Amino acid sequence: MDKSQSTGLLFEISHKGRRCHLLPDCDVPTKTSAELLDKKYLSKDPTHLPEMAEIDIVRHFVNLSTKNMAIDCNFYPLGSCTMKYNPKRHERLGSLSGLAHVHPLQDDQTCQGMLEILWEMQNYLAEIAGLDGVSLQPAAGAQGELTALLVAAAYFRDKKEKRTKVLIPDSAHGTNPASAAIAGFDTITIKSNARGRVDMDDLISKIDSQTAVFMITNPNTLGLFDEQIVQITELIHKAGGLVYLDGANMNAILGITRPGDFGADMMHYNVHKTFTGPHGAGGPGSGPIAVRKQLIPFLPAPLVVKTNEGFKLDYDRPKTIGRVRSFFGNVGILLRGYFYIRTLGPDGLKQVSQNAVLNANYLLSLLKDSFDVPHGDRCMHEFVASARTLRRDKKISAMDIGKRLLDYGYHAPTVYFPLVVSEAMMMEPTETESKETLDHFAQTLIKIRDEDAEFLHGAPHTLDISRPDEVKAAKEPMLRWKK
Ligand SMILES: *Cc1c(COP(=O)(O)O)cnc(C)c1O
């Protein structure tokens with residue numbers, strides 16, 4: 001097939017006079033637009049639109065749709081992002097017209113079904129967290145972090161306490177310090193110890209009367225559960241601070257332990273990660289937060305409440321920090337998460353985490369003799385391998401390996417994160433992958449390790465685009481077609 005057919009812009013493959021549908025001439029008398037409209041409303045320039053047959057349009061878009069790595073096409077072990085399979089059943093349920101066609105400005109009485117689902121979702125997320133109140137509004141994990149920190153700030157203001165510091169381990173996701181800074185706090189970094197957990201001496205030396213919040217990811221971004229967590233939360237509480245749990249790694253602990261039970265006061269979920277909202281390439285997301293009782297008055301308004309007259313959106317919340325998102329968050333993703341939770345039930349959710357941890361440990365066992373894995377023989381739902389000796393001995397970097405994997409039809413692992421491991425390759429297989437997929441992926445990685453370094457520096461060799469300047473692509477994207 002002529003490649004330009006599939007990769008050219010619609011304007012480039014346009015053919016004058018070509019149409020999708022050829023309608024017969026109208027057999028009733030009609031007027032032209034020039035006869036119907038005042039001249040001043042008529043456009044002076046001819047409309048510049050591509051002219052195409054339907055088959056060419058379909059091929060154009062179907063071919064474009066296969067240019068991205070996607071979970072429906074490829075294994076996608078992108079650590080921390082939980083790229084699990086998104087069941088099609090939940091897509092179908094979320095698209096039922098009674099749900100898809102509800103308008104956010106409808107009167108509460110006319111969308112009781114939707115409100116009931118959202119009310120139940122609030123309750124499920126509170127239960128899974130072991131916390132008391134939930135706001136479904138934030139549209140991503142990062143926005144959940146910011147929202148919870150604003151809630152914490154309002155809480156301390158209400159108590160007339162001036163607390164300025166947020167403590168964050170050095171293995172944290174970059175959104176943690178960014179959210180704290182945007183919320184107006186000073187961020188203090190806490191070191192990791194040789195075991196990849198919080199360095200307790202460093203933490204204790206940095207807790208003081210200014211400590212507002214300690215943000216922790218547990219299991220952390222190295223895929224390790226910090227078993228000091230109860231001791232940590234007690235220390236923070238004794239100093240009058242709050243503990244925030246970054247819930248991006250909830251896929252490891254569903255139904256096994258609850259953040260509220262180990263002392264967290266607030267957390268966010270990434271519904272798009274843990275509860276199968278389709279994601280990647282920037283959205284859509286959903287980052288609800290769960291909080292302890294004393295923080296509920298400050299949650300964003302409205303919340304869904306159950307009254308004698310049915311479900312309603314409650315705006316009457318005098319201490320609220322206000323809205324953080326138009327309407328009611330990304331409801332489409334919340335629905336998919338709700339159906340996922342309902343489909344699996346408590347036992348099913350627990351099995352999700354057990355299988356996610358099993359799959360990660362299986363993959364780790366296949367790879368640990370061939371790659372450095374700095375933090376241990378066992379992991380939770382993900383682990384971080386390193387290409388540091390490969391880089392030293394053969395000049396092969398984590399980037400080279402990630403790029404070469406694309407040639408073999410695999411998405412790359414997360415590379416160069418977390419920052420505490422050099423040449424990091426963070427792998428999260430999730431529970432939805434088969435043993436055969438993991439075996440083949442491990443064999444492929446080992447094969448790549450033994451390939452020629454020069455050849456790897458040029459990878460990927462089979463895709464339309466090889467190695468774009470990633471900074472320039474992010475900072476100066478060209479979003480417009482210009483002739
Ligand atoms: C993904 C992630 C976030 C941010 O969540 P978004 O939904 O992408 O905003 C925060 N922390 C960790 C550990 C993550 O993996």
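1. Starting with R19: in this predicted model, R19 makes a salt bridge to E51, with 2.9 Å between the closest N and O atoms. The two sit in separate loops, R19 between α2 (10-13) and α3 (33-36), and E51 between α3 and α4.

2. On to the rings. Searching the whole structure turns up 11 aromatic pairs. One of them is F75 with Y410, an edge-to-face pair with the centres 6.0 Å apart and 90 degrees between the planes. Have a look at where the partners sit: F75 is in the loop between α4 (54-65) and α5 (88-94), whereas Y410 is in the loop between α15 (398-407) and β11 (414-415). Because of that, the pair ties together parts that are 335 residues apart in sequence.

3. Next, S192. You'll find S192 in the loop that runs between β3 (186-190) and α10 (200-206). The side chains of S192 and D170 are joined by a polar contact of 2.5 Å. Leaving aside residues up to four places away in sequence, S192 touches D170, S171, R197, D199 and V420.

4. Now the domains. The assignment for the protein chain gives domain 1 as 88-344 and domain 2 as 351-472. Taken over C-alpha atoms, the centres of domain 1 and domain 2 are 30 Å apart. To the contact, domain 1 contributes 25 residues and domain 2 contributes 19 residues.

5. How much area do domain 1 and domain 2 bury between them? The figure is about 1500 Å², and 64% of it is on carbon and sulfur atoms. On the domain 1 side, the residues losing the most area to domain 2 are T221, L222 and N251, which together make up 35% of what that side buries.

6. As for composition, the side of domain 1 that touches domain 2 splits into 13 nonpolar, 10 polar and 2 charged residues.

7. Within the chain, the pairs to click on are R19 with E51, F75 with Y410, and S192 with D170.

Technical notes: Residues numbered from 1 in each chain as written. Predicted model: local features only at pLDDT ≥ 70, side-chain atom pairs only at ≥ 80, totals over all residues. Heavy atoms only, no water. Domains from an automatic or database assignment. Contact = heavy atoms within 4.5 Å. Buried area = accessible area lost by both parts, 1.4 Å probe. Nonpolar A, V, L, I, M, F, W, Y, C, P; charged D, E, K, R; others polar. Helix = DSSP H or I, 4+ residues; strand = E, 2+ residues; numbered from the N terminus. Polar contact = N/O pair within 3.5 Å; in protein donor to acceptor, adjacent residues only side chain to side chain. Phe/Tyr/Trp six-rings, centres within 6.5 Å; stacked < 30°, edge-to-face > 60°. Salt bridge = Lys/Arg side-chain N within 4 Å of Asp/Glu carboxyl O.
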